[in-house]
Amino acid sequence: MNVTNVLVASHGTPGALMAEQAAIDLCQENGATLHHLLVVPDFWKGMMGDDWLNNAITRIRFGDYVENQLARDAAIETERMAEICKPAGISCSSTVRLGKPAVCLISAAEQENFDIVVIGSPRPRGTPGYRSRMGLELLARSLTIPLLTVPHPQR
């Protein structure tokens, strides 16, 4: 397979880090460019804590805090990815999207001429962390390019 443009979905978890490494390896072997997609799952969109926030200004401040924290976290991840690619001589770009992970990945894959999509596999049961649920069945039905799912390091 001739690989010149790789799309990797990553958010810095152990499984996503394995996907990153596989994507970087593909890029180094083929002289390919890398595009990093970070999806902020849409469950954060409604995170207002209404059960304990009892006035409008407090809700607005809390909403602003959550949005700012998510933006900082996304900036840290995209910068980390660029720093990993730089010494490897890989051209890297990043996009951050808010939404359902599979839908965002499908949309991103359709917007450029990617040769392959690389993702990490789902976390094993009992592994802590948010489960934003990448819709693997939806990806398999919708992607028109190969999908490489890299095993989680705890499997």
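Strand 1 sends Asn5, Leu7 and Ala9 one way and Val6 and Val8 the other, and all of these residues are buried. In a regular strand the side chains alternate between the two faces of the sheet. The model described here is predicted. Its protein chain has four helices and five strands.

**Strand 1 and its neighbours**
- Strand 1 covers residues 5-9, and five of its five residues are buried.
- Strand 2, residues 33-41, runs parallel to strand 1 and is joined to strand 1 by five bridges.
- Thr33 of strand 2 stands opposite Asn5.
- The chain gets from strand 1 to strand 2 through helix 1, residues 14-30, in a right-handed β-α-β crossover.
- Strand 4, residues 116-120, also runs parallel to strand 1, with three bridges between them.
- Ile116 in strand 4 is the bridge partner of Val6.

**The chain as a whole**
- Read from the N terminus, the elements follow the order β-α-β-α-β-α-β-α-β.
- The protein chain has 155 residues, and 40% of them count as buried.
- Take the contacts between residues at least 6 apart in sequence: 78% of them join residues at least 24 apart.

- The structure holds four salt bridges.
- One of them pairs the side chains of Glu20 and Arg80, at 2.6 Å from N to O.
- Glu20 belongs to helix 1 and Arg80 to helix 2, residues 56-88, so this pair ties together parts 60 residues apart in sequence.
- Glu20 is buried, at 2% relative accessible area.
- Arg80 is partly exposed, at 23%.

**Salt bridges within helices**
- In helix 2, the side chains of Glu83 and Lys86 meet in a salt bridge, with 3.3 Å from N to O.
- Glu83 and Lys86 are three residues apart, so about one helical turn separates them.
- Glu83 is partly exposed, with a relative accessible area of 44%, whereas Lys86 is exposed, with 57%.
- Arg141 forms a salt bridge with Glu137, and their closest N and O atoms are 3.0 Å apart.
- Both residues lie in helix 4, residues 136-142; they are four residues apart, so about one helical turn lies between them.
- Arg141 is exposed, with a relative accessible area of 58%, and Glu137 is exposed too, with 59%.

- Glu20, Glu77 and Arg80 form one network, joined by salt bridges that share partners.

Definitions and conventions:
Residues are numbered from 1 along each chain as its sequence is written. This is a predicted model: local features need pLDDT of at least 70, side-chain atom pairs count only at pLDDT 80 or more; totals for chains, interfaces and linings use all residues. Side-chain values use heavy atoms; hydrogens and water are left out. Buried means under 20% relative accessible area, exposed over 50%, partly exposed in between (1.4 Å probe, protein chains only). Helices (H or I, at least four residues) and strands (E, at least two) are DSSP runs, numbered from the N terminus. Two strands pair if DSSP finds at least two bridges between them. A crossover is right-handed if, with the strands pointing away from the viewer, the path from the first strand over the helix to the second runs clockwise. Contact means heavy atoms within 4.5 Å.
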